[in-house]
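Take a look at the chain shown below. This report walks through some of the links that hold between its side chains.

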Amino acid sequence: MLRTSTPSLRGGLRYWAPWLSSGILCLCLTFLLGQVGLLQGHPQCLDYGPPFRPLLHLEFCSDYESFGCCDQHKDRRIAARYWDIMEYFDLKRHELCGDYIKDILCQECSPYAAHLYDAENPQTPLRNLPGLCSDYCSAFHSNCHSAISLLTSDRGLQESPGTDGARFCHLLDLPDKDYCFPNVLRNDYLNRNLGVVAQDPRGCLQLCLSEVANGLRNPVSMVHAGDGTHRFFVAEQVGVVWVYLPDGSRLEQPFLDLKNVVLTTPWIGDERGFLGLAFHPKFRHNRKFYIYYSCLDKKKVEKIRISEMKASRADPNKADLKSERVILEIEEPASNHNGGQLLFGLDGYMYIFTGDGGQAGDPFGMFGNAQNKSSLLGKVLRIDVNRAGSDGKRYRVPLDNPFVSEPGAHPAIYAYGVRNMWRCAVDRGDPVTHQGREVDLIVKGGNYGWRAKEGFACYDKKLCHNASLDDVLPIYAYGHAVGKSVTGGYVYRGCESPNLNGLYIFGDFMSGRLMALQEKQDLCLGSTTSCAFPGLITPIARELYFLATSYPSAYAPHGSIYKFVDPSRRAPPGKCKYKPVPVRTKSKRIPFRPLAKTVLDLLKEQSEKAARKSSNAALASSPSQGLSEKGSSKKLASRASGKETLRGLGTKKKASVGPQGPQGNRRKSPKSHGGRMRRAGRSLP
């Protein structure tokens, strides 16, 4: 399915720079972080990822088989540990304590496991046992005190004095009573929308970002070669293409460097440059790829050039510069509205999306370039690059192109009347069912109305009222209060975020807004409640990324690439594993080093700043302490370090935890419970 930006949505790419600015997103992050209070618990597993729906039935922790943090393998491991423990009990104790022990062990499978075990921040120790509500904890301690030494090797928990379990339950207490077990199961607010994409009160979908690349000079395209290597090729506007490997590293030497040929300038908002990149569907065998860029011909006339090139036989991570074959050149009357999308459809043909030639309002000729079928500007072109034409052209026009037989019309035109299709995409359908694999949003021979119309509204009133226009209307349009420049997007068909499947996610350059179409919804980024996940996620093929820059100049190295992450639900473990085809590399690998601070980093900074401010205020109110004295400084540091700070902000209290955590996580469990566990028929340790 071909998806496009301008014909489907009002406010096409006027004469603004064709890339997403991250400025608004950064402001959004800053604003949201400024409203932080206590960090609320959110669905998260002990491996720091969102919960999931297990692929297979859970036999033991069946309460969490519809949604949680355990797959069948982990469920069996927990069951084995349970039966090891139960061998120490006679029938009476088995009946009395069995349910308690099962409940406690199965909290590793809870969708709120990270909150229950204090695992939301990897910089703080992990609890040995989950947080238990006071009544439940007291009953467990009263009935099954002897089981504690089998569940944990933490001597602080094992040797809690008193028969009423007050100290033991205090150590397992959670400040927020809604999240302790079993209250967390009964809270309707926490459970009614589990696994669904979170929304804020405005209906904004709560998604998170993971930084995967930075230091780029206005990145304009990111594509993979479809050869199974899972390499990403990232093009900069200046004319350089970089190779990123599956481990996130970048090769030191570029795949392609056309800086000396590509026409662009350091001006902010210059739309000329390297604009498009596409790999042949059979790239693995023929090494062919295609590029779209601005250039000057020998007479210094500005043109758009579409060329075919090949990867080097000697080095698959380098283009053969001598292999360039110019397929098509189009003269550009102005510096803006240059289009730039190249892609291959499901029919194997190449689709080329051009701009209307620039200036304001397509003023060229009586009707403008977009309505002029003898011009290649403002069009969708469709050509066969696998065969040469009879007229000496390096492509063939498909015989079923709609205007092949129309006098005066260029036969390569597939659709017309578009302003500036900067970014478009092919929806190849659901990877399993293939549902959605039809080309239905670019109408063969369709007139998309520009310059007569812009979206649903008339632009040129005289042309707009022409009854013979018969233009294709948008599937959706939004007003300029929402945005003014559709940058285009993709239908999500990835593996890692099942909730996003089928959503068309796109951006607006002018407003910096990210939106999704099924029923149009805004995407909100940076919520501290939703996005408090540590670490970065390795790039995976078929996932959705977006390119951004904080300074829209072709020569400014302020561009970054981010990956969308749904904090509400992920795919089950093992489903999204890929085995990349090995590719030999001759160039040095540059490891990825993130520049963006994570939500947890920012929250930790806020917490520490608040703690310092509170300590300074307390010090200033005490006349007996002087800031200039060394002893006072030591006391101040001691007071700050001992002060209880906000939970989840990277400075949690450590008194309630020991060195051991749930098996398979940050703290490894000793074998056979510290070597003290004995088999059935023996006394308890």
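Is Cys424 buried or exposed? Cys424 is buried, because its relative accessible area is 2%, and the cut-off for buried is under 20%. Keep in mind that this is a predicted model.

## Buried cysteines and the disulfide count

Cys295 is also a buried cysteine. Its relative accessible area is 1%. A search of the whole structure finds 8 of them.

## Cys97 and Cys144

Start with the disulfide between Cys97 and Cys144. Their sulfur atoms are 2.1 Å apart. This pair links distant parts of the chain. Cys97 sits in helix H3, residues 91-105. Cys144 sits in helix H5, residues 134-144.

Cys97 has a relative accessible area of 0%, so it counts as buried. Cys144 is buried too, with a relative accessible area of 0%.

## Cys137 and Cys169

Helix H5 also holds Cys137. A disulfide connects Cys137 to Cys169, with an S to S distance of 2.2 Å. Cys169 lies in helix H8, residues 166-171. The pair therefore ties together parts that are 32 residues apart in sequence.

The S-S torsion for Cys137 and Cys169 is about -100°, so this disulfide is left-handed. Both Cys137 and Cys169 are buried.

## Cys495 and Cys576

Here the cysteines sit in loops. The disulfide joins Cys495 to Cys576, S to S 1.9 Å. Cys495 is in the loop between strand E20 (486-491) and strand E21 (504-508). Cys576 is in the loop between E25 and E26. The pair ties together parts that are 81 residues apart in sequence.

The link of Cys495 and Cys576 is left-handed, with -85° about the S-S bond. How accessible is Cys495? Cys495 has 13% relative accessibility, so it counts as buried. Cys576 is buried as well, with a relative accessible area of 13%.

## Salt bridges across the chain

Now turn to charge. Side chains of opposite charge can pair when their charged atoms come close. How many salt bridges are there? The count comes to 29 salt bridges.

One of them joins Asp47 to Arg570. The closest N and O atoms are 2.9 Å apart. This pair links distant parts of the chain, 523 residues apart. Asp47 is in the loop between helix H1 (23-33) and helix H2 (72-86). Arg570 is in the loop between strand E25 (559-565) and strand E26 (589-590). Asp47 is partly exposed, because its relative accessible area is 43%. Arg570 has 17% relative accessibility, so it counts as buried.

## Other salt bridges

Arg217 and Glu236 form a salt bridge. Their closest N and O atoms are 2.8 Å apart. Arg217 lies in the loop between strand E3 (205-216) and strand E4 (219-224). Glu236 lies in strand E5, residues 232-236. The pair therefore ties together parts that are 19 residues apart in sequence. Glu236 has a relative accessible area of 2%, so it is buried.

Asp270 pairs with Arg272 in a salt bridge. The closest N and O atoms of that pair are 3.0 Å apart. Asp270 and Arg272 are both buried. Salt bridges can also join up: Asp297, Lys303, Arg305 and Glu329 are linked in a network of them.

## A buried glutamine

Finish with Gln107. Where does Gln107 sit? Gln107 is in the loop between H3 and helix H4 (113-116). Its relative accessibility is 1%, so Gln107 counts as buried.

The side chain of Gln107 makes a polar contact with the side chain of Tyr64, at 3.2 Å. Not counting residues up to four places away in sequence, Gln107 touches Tyr64, Ala113, Leu116, Tyr117, Pro130 and Phe181.

Note on methods: Residues numbered from 1 in each chain as written. Predicted model: local features only at pLDDT ≥ 70, side-chain atom pairs only at ≥ 80, totals over all residues. Heavy atoms only, no water. Salt bridge = Lys/Arg side-chain N within 4 Å of Asp/Glu carboxyl O. Helix = DSSP H or I, 4+ residues; strand = E, 2+ residues; numbered from the N terminus. Buried < 20%, exposed > 50% of the residue type's maximum accessible area, 1.4 Å probe, protein only. Disulfide = S-S within 2.5 Å. Polar contact = N/O pair within 3.5 Å; in protein donor to acceptor, adjacent residues only side chain to side chain. Contact = heavy atoms within 4.5 Å.
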